[in-house]
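Please read them with the structure open beside you.

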Amino acid sequence: MMPTMRSNNWIPAVFNDLFYNDMMPKANCTAPAINVKESDKAYTVELAAPGMNKQDFNVHINDEGNLVVKMEHKEEHKEEENKNVRYLRREFSYSKYEQTLILPDDVKKDAISAKVEDGVLTVELPKVVEEKVKLSRQIEIA
């Protein structure tokens with residue numbers, strides 16, 4: 001399968017070289033994959049984040065009551081002490097991501113927890129447990 005270049009009909013093909021060249025690279029953005037599961041007792045949000053640790057995340061509830069997940073990761077390279085070696089190409093890694101999730105009304109917001117394990121951020125959103133009111137009762141006859 002050959003990759004194709006998308007072009008807009010309102011821009012003449014002559015301008016494609018101006019917009020798609022090495023001087024102006026296209027942004028390559030990807031968002032982490034998210035799974036949301038529901039059980040009787042909780043919702044579980046899983047966010048794929050390979051190579052990340054818990055210091056790279058910020059998970060909080062904003063003023064509107066929504067769950068905000070922020071991720072920022074910088075990979076810094078230390079200078080090597082060997083002066084006989086020089087870099088021909090050196091790439092730095094930096095990624096930043098933010099996602100806001102609107103929470104259902106039945107989430108117990110003061111009991112939300114999060115953990116990072118094996119490259120997956122897991123946020124547990126426990127549900128409010130509603131006690132079922134017994135509807136059966138004796139009615140007095142007047």
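1. Helices (H or I, at least four residues) and strands (E, at least two) are taken here as DSSP runs, numbered from the N terminus. On that basis the protein has 1 helix and 7 strands, and along the sequence these elements follow the pattern α-β-β-β-β-β-β-β.

2. A word on the basis of these notes: this is a predicted model, in which local features need pLDDT of at least 70 and side-chain atom pairs count only at pLDDT 80 or more, whereas totals for chains, interfaces and linings use all residues. Residues are numbered from 1 along each chain as its sequence is written, and side-chain values use heavy atoms, with hydrogens and water left out.

3. Of the 142 residues in the protein, 21% are buried, where buried means under 20% relative accessible area, exposed means over 50%, and partly exposed lies in between (1.4 Å probe, protein chains only). The accessible surface comes to about 13,000 Å², and carbon and sulfur atoms hold 50% of it; such areas come from the Shrake-Rupley method with a 1.4 Å probe, and for residues only the protein chains shown count as cover. Among contacts (heavy atoms within 4.5 Å) with a separation of 6 or more, 46% are between residues 24 or more positions apart.

4. Two strands are said to pair if DSSP finds at least two bridges between them. Strand S1 (residues 34–38) runs antiparallel to strand S2 (residues 42–48), to which 5 bridges join it, and a hairpin of 3 residues connects S1 to S2. Within this pair, Ile34 stands opposite Leu47 in S2.

5. S2 also pairs with strand S7 (residues 120–126), in the antiparallel sense and over 7 bridges, and here Glu46 stands opposite Thr122 in S7. These strands belong to an open sheet of 4 strands in the order S1-S2-S7-S6, with antiparallel pairing. Because S1 and strand S6 (113–117) stand at the edges with a single partner strand each, one side of each is left without a neighbour in the sheet. From one strand to the next, the twist averages 15°, with axes fitted as lines to C-alpha atoms (for helices over the stretch in contact) and angles running from 0 to 180 degrees between N-to-C directions.

6. Which residues does Thr44 touch, leaving aside its neighbours within four places in sequence? They are Asn35, Val36, Lys37, Thr122, Val123 and Glu124. Thr44 lies in strand S2 and counts as buried, at 11% relative accessibility. Its side chain makes a polar contact of 3.2 Å with the side chain of Glu124; a polar contact is a pair of N or O atoms within 3.5 Å, and within protein one must be able to donate a hydrogen and the other to accept it, while residues adjacent in sequence count only if both atoms are side-chain atoms.

7. The structure holds 3 salt bridges, each defined as a side-chain nitrogen of Lys or Arg within 4 Å of a carboxyl oxygen of Asp or Glu. One of them joins Glu38 and Lys127, with the closest N and O atoms 2.6 Å apart. Glu38 lies in strand S1 and Lys127 in the segment after S7, so the pair ties together parts that are 89 residues apart in sequence. Glu38 is exposed, at 56% relative accessible area, whereas Lys127 is buried, at 14%.

8. Lys37, which is partly exposed at 43% relative accessibility, meets Glu46 in a salt bridge (3.2 Å, N to O). Glu117 and Lys115 form another, at 3.9 Å from N to O; Glu117 is partly exposed at 46%, and Lys115 is partly exposed at 48%.
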